[in-house]
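Here are my notes on the structure, written for someone who is new to reading models of this kind. Please keep the sequence and the 3D view open beside them while going through the points.

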Amino acid sequence: MKNYFFLYLFIGCFISVTAGVNQYTDLISVGEWLIERKIDLTTYEISCRASIPSQVNWFGARVRLGPNNELIKPIWISVNEEQLHFAKLSRVKKLLNECRSEFLFLPDNL
């Protein structure tokens, strides 16, 4: 058993992981909301965004929070009022600010 552990550890050293480096990757979910994160390796800038995932692309047709945490809702999308509840939006905005503020993101309790 001990030998298998070291074998997995050795193989794991050669597997590449793209955890938010130069592209957005999923970070956490808060209800229906998804928070994604990207770290630019040239400037070390952290970018985070939050949206309600759907079957469409990011820019045109997702309910999302903008760079100043303003709600952006395309008029042709119908959304359940529970998804836009004040308490839920406040929680998402708080986590989004925490995500943007530090390199290491450890949410308190989800």
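Predicted model: local features only at pLDDT ≥ 70, side-chain atom pairs only at ≥ 80, totals over all residues.

1. Residues are numbered from 1 along each chain as its sequence is written, and side-chain values use heavy atoms, with hydrogens and water left out.

2. The protein chain has three helices and five strands, and along the sequence they follow the pattern α-β-β-β-α-β-β-α. Helices (H or I, at least four residues) and strands (E, at least two) are DSSP runs, numbered from the N terminus. Of the 110 residues in the protein chain, 33% count as buried, a term that means under 20% relative accessible area, with exposed being over 50% and partly exposed in between (1.4 Å probe, protein chains only).

3. The five strands form an open sheet in the order 1-2-3-4-5, with antiparallel pairing. Its edge strands are strand 1 (25-30) and strand 5 (71-72), each of which pairs on one side only. Two strands count as paired if DSSP finds at least two bridges between them; in general, strands of a sheet pair through backbone hydrogen bonds, either parallel or antiparallel.

4. Going through the pairs, strand 1 and strand 2 are joined in the antiparallel sense over five bridges, and V30 has W33 in strand 2 as its bridge partner. The hairpin of these two strands has two residues between them, and there G31 takes a positive phi near 65 degrees. Strand 2 and strand 3 pair over six bridges, also in the antiparallel sense, with I35 opposite A50 and K38 opposite S47. Their hairpin has six residues between the strands, and Y44 takes a positive phi near 55 degrees. Three bridges join strand 3 (residues 46-52) to strand 4 (residues 63-65), and I52 stands opposite V63.

5. How are the two faces of strand 3 covered? On one side I46, C48, A50 and I52 are buried, and on the other S47, R49 and S51 are buried as well. As background, the side chains of a regular strand alternate between the two faces of the sheet. Strand 2 (residues 33-39) is mostly covered too, with six of its seven residues buried. I39 lies in strand 2 and is buried, with a relative accessible area of 10%; from C-alpha to C-alpha, I39 is 7.3 Å from Q23, although the two are 16 residues apart in sequence.

6. The largest nonpolar core has 21 residues, and those with the most contacts inside it are W33, I35, A50, V63 and L65. Such a core is a set of buried Ala, Val, Leu, Ile, Met, Phe, Trp, Tyr and Cys residues joined through side-chain atoms within 4.5 Å. Strand 1, strand 2, strand 3, strand 4 and helix 3 (86-101) each give two or more residues to this core, and helix 3 supplies the largest share, five residues.

7. Leaving aside neighbours within four places in sequence, its contacts include L27, I28, V30, A50, V92, L95, L96 and C99, where contact means heavy atoms within 4.5 Å.
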